[in-house]
Amino acid sequence: MYYIYVLQSIKHGTRYVGCTKDVKKRFTEHNDGRCRYTKGRRPWEVMYQEKFGTLSEARKREIQIKGWSRDKKEKLINGEWE
């Protein structure tokens, strides 16, 4: 299984959308500073995740969500988006 996830910086409020096989491991990598983009915006919290059967499906959804406005991402996280 593959997952897309949305992180939010507790300190800065910025969001990060990613794709992985192991959300818990990837989350730890983000908070340990092992990812260039997220390193300077720590700490992070997982706000949302979705599960997919293939990497291709997960990547397509990741790209879709990355193209959304902040408001649309907020609605997804809050369960207001269908």
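This is a predicted model: local features need pLDDT of at least 70, side-chain atom pairs count only at pLDDT 80 or more; totals for chains, interfaces and linings use all residues.
The mean pLDDT of the protein is 95, and 98% of its residues reach 70 or more. Among the elements, α3 has the highest mean pLDDT, at 98, while α4 has the lowest, at 93.

Helix α4 itself spans residues 70–77, and its buried residues are Lys73, Leu76 and Ile77. These residues lie on the same side of α4, because they cover an arc of only 95° around the axis.

The strands come next. Strands β1 and β2 form a hairpin, with five residues between them. In the turn, Gly13 has a positive phi of about 80°. The two strands pair in the antiparallel sense over six bridges, and Gln8 stands opposite Arg15 in β2. Strand β1 also runs antiparallel to β3, to which eight bridges join it. Here the bridge partner of Ile4 is Glu50 in β3.

How much of each strand is buried can be followed residue by residue. Six of the eight residues of β1 are buried, so β1 is largely enclosed by the rest of the structure. In β2, six of the six residues are buried, so this strand too is largely enclosed by the rest of the structure. In a regular strand the side chains alternate between the two faces of the sheet. Both faces of β2 are covered: one side carries Arg15, Val17 and Cys19, the other Tyr16, Gly18 and Thr20, and all of these are buried.

The structure holds two aromatic pairs. One of them joins Tyr5 and Tyr16, whose rings are tilted, at 6.3 Å centre to centre and with 40° between the planes. Because Tyr5 lies in strand β1 and Tyr16 in strand β2, the pair ties together parts that are eleven residues apart in sequence. Tyr5 counts as buried because its relative accessible area is 2%, where the cut-off is under 20%. Ring pairs link Tyr5, Tyr16 and Tyr37 into a cluster.

The peptide bond from Arg42 to Pro43 is cis, with omega near 0°. Pro43 belongs to the loop between α2 (36–39) and β3. Arg59, in turn, is found in helix α3. With a relative accessibility of 40%, Arg59 counts as partly exposed, because its value falls between the cut-offs of 20% for buried and 50% for exposed. Arg59 and Tyr37 are 22 residues apart along the chain, and their C-alpha atoms are separated by 18 Å.

Key: Residues are numbered from 1 along each chain as its sequence is written. Side-chain values use heavy atoms; hydrogens and water are left out. Buried means under 20% relative accessible area, exposed over 50%, partly exposed in between (1.4 Å probe, protein chains only). Helices (H or I, at least four residues) and strands (E, at least two) are DSSP runs, numbered from the N terminus. The arc is that of the directions from the helix axis to the C-beta atoms. pLDDT is the predictor's confidence in each residue, from 0 to 100. Rings of Phe, Tyr and Trp (its six-membered ring) pair if their centres lie within 6.5 Å; planes under 30 degrees apart count as stacked, over 60 as edge-to-face and the rest as tilted. Two strands pair if DSSP finds at least two bridges between them.
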